[in-house]
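Please work through the exercises below with the sequence and the model open beside you. Try each task before reading its solution.

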Amino acid sequence: MTKFAHAGDFCPNEACPDYGKLQSDQQRNIKKAGKTKSGRQRYQCKTCGQTKTLTKGTIFYRRRVAEREIIETLAFIAEGVRVSSLARVKGHKGDTILDWIRAAARHAEVIEEILMAEYQLDRGQLDALWSYVGNKGEKKAIPKPMKVASSGALR
Ligand SMILES: [Zn+2]
């Protein structure tokens, strides 16, 4: 079963001793630390002192396009809109959109939480989204057979 994590549920700092630990009665290293200028909740890890918002160190940090726009685009794709159509309508490159999906897949649980809550997407739609990049985030039970190609023709 997939475990969903909210932003602020764990420390995204890989160097932190409490990195990735979900908050519980025993684990309480994350505290709220005000809001950013754009009104986003900021969290601070008491263990490493790092402050972060939803995106920092997790999903779309430092991407030039607004997170809202990216999430909305992902939702459209999950609902079956083709990447090429979205690229045309939204004015983003198809490669850029695929890059967003790839980035999102690395944090699938956080993204799924957002998409399910805000766009009422179901499991099948989310799987369809990840299938675009052949990566279901954390749920990779069976490792893909490695293609050893001496010709250099990878993928
Ligand atoms: Zn930390």
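Predicted model: local features only at pLDDT ≥ 70, side-chain atom pairs only at ≥ 80, totals over all residues.

Residues are numbered from 1 along each chain as its sequence is written, and side-chain values use heavy atoms, with hydrogens and water left out.

**Exercise 1.** Find the protein donors of the zinc ion and state their arrangement.

Solution. Begin with the donors, which are N, O and S atoms within 2.8 Å of the metal (3.2 Å for Na, K and Ca); water is not among the atoms, so sites may look incomplete. The SG atoms of Cys11, Cys16, Cys45 and Cys48 lie 2.3 to 2.4 Å from the zinc ion, and the spacing of these donor residues in sequence is C-x4-C-x28-C-x2-C. Next take the angles: the four donor atoms subtend 103 to 114°, and therefore the arrangement is tetrahedral (for four donors, all angles between 85 and 135 degrees). Finally, Cys11 and Cys16 are both buried, a word that stands for under 20% relative accessible area, with exposed over 50% and partly exposed in between (1.4 Å probe, protein chains only).

**Exercise 2.** Describe how strand β2 pairs with β1 and where the side chains of β2 point.

Solution. Strands (E, at least two residues) and helices (H or I, at least four) are DSSP runs, numbered from the N terminus, and two strands pair if DSSP finds at least two bridges between them. Strand β1 (residues 30–35) pairs with β2 in the antiparallel sense over four bridges, and Lys35 stands opposite Gln41 in β2.

**Exercise 3.** Decide whether Gln120 is buried or exposed, and describe its backbone.

Solution. Gln120 lies in the loop between α4 (108–119) and α5 (123–131), and it counts as exposed because its relative accessibility is 61%. Its phi is near 50°, a positive value in a residue other than glycine; most residues other than glycine have a negative phi.

**Exercise 4.** Locate the lowest and highest confidence among the elements of the protein.

Solution. With pLDDT as the predictor's confidence in each residue, from 0 to 100, the mean is lowest in strand β3 (residues 51–52), at 70, and highest in helix α2 (residues 83–90), at 93.

Key
Tetrahedral: all angles 85-135°; square planar, octahedral: opposite > 155°, others 65-115°.
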